[in-house]
Amino acid sequence: MDSTTAPRRGRRPGARDTRGEIIAAAGQLFADEPFDRVSLRAVARRAGVDPALVHHYFSGKAELFLTAVADVPADPAEVFGVLDELPAQECGAGLVLAFTAVWDQPGRDGRFTGFVTTMMSSPDLTAGAREFITTQIGARVTALADPAERELRATLAVSQMLGMAMLRYTVKVEPIASMERTRLADVYGPTFQHYLVGRLSASELRNSSPASRR
């Protein structure tokens, strides 16, 4: 590689905004390629920095993706990692609290709407968002679901999560928009819990009734 184009190693001298350059490069790449096709090395090359610097500023591709497209530095693994400490019967409410902990933080008003708008602005970004939701959020939720129809359960839970977020952050329908997070977890939690481990259809209910088992 030509020494004039090789990325420099270690921290860059001077007042250059290296983190900002990495975010800008990532934003360009995520706009052109689906989430799964963008590597951190490719981001480093586009930014002209050593790949180690990308790891220095970001825990991984998921956090970089959220930062680049929504200006929300959050790592889904860390956000949903709190669910590992909860009893299984509380995971529904825990999902609500984990999700809203990201988007309810001071200074993030409008970020969810901006994220959705950006994701819908081009087919590649929409595909990237679908990949991100499937691999970074759906996979986490799948791990909480009953093994029976696990993928369907996770999809239903994520759809409920996005619907709740649209009402709260984008359309701002009251009383959902201004409801305390703990109250939101109280009212939405049972629905999430049902999707994770409950019976999914009326036929299942009928088949499980005492009369049907005689």
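Where do Phe99 and Trp103 lie, and how many residues apart are they? Both sit in helix 6, four residues apart, about one turn of the helix. Helices here are DSSP runs (H or I, at least four residues), numbered from the N terminus, as strands are (E, at least two).

This is a predicted model, in which local features need pLDDT of at least 70, side-chain atom pairs count only at pLDDT 80 or more, and totals for chains, interfaces and linings use all residues. Residues are numbered from 1 along each chain as its sequence is written, and side-chain values use heavy atoms, with hydrogens and water left out.

Phe99 is buried, at 7% relative accessible area. Trp103 is buried too, at 8%. Buried means under 20% relative accessible area, exposed means over 50%, and partly exposed lies in between (1.4 Å probe, protein chains only).

Now the rings. Rings of Phe, Tyr and Trp (its six-membered ring) pair if their centres lie within 6.5 Å; planes under 30 degrees apart count as stacked, over 60 as edge-to-face and the rest as tilted. The count comes to eight aromatic pairs. In one of them, the ring centres of Phe99 and Trp103 are 6.5 Å apart and the planes stand at 45°, so the pair is tilted. Ring pairs also build a cluster from Phe30, Phe65, Phe99, Trp103, Phe112, Phe115 and Tyr169.

Next come the charged side chains. The structure holds four salt bridges. Each has a side-chain nitrogen of Lys or Arg within 4 Å of a carboxyl oxygen of Asp or Glu.

Take Arg111 and Asp71, which meet in a salt bridge at 3.5 Å, N to O. Arg111 lies in helix 7 (residues 111-119) and Asp71 in the loop between helix 4 (61-70) and helix 5 (76-81), so the pair ties together parts 40 residues apart in sequence. Arg111 is partly exposed, at 23%. Asp71 is partly exposed as well, at 44%.

Asp104 and Arg168 form another salt bridge, at 2.6 Å, N to O. Asp104 lies in the loop between helix 6 (91-103) and helix 7, and Arg168 in helix 9 (residues 150-170), so this pair ties together parts 64 residues apart in sequence. Asp104 is partly exposed, at 28%, whereas Arg168 is buried, at 6%.

Asp109 bridges to Lys172, with the closest N and O atoms 3.3 Å apart. Asp109 is in the loop between helix 6 and helix 7, and Lys172 in the loop between helix 9 and helix 10 (181-197), 63 residues apart. Asp109 is exposed, at 66%. Lys172 is partly exposed, at 44%.
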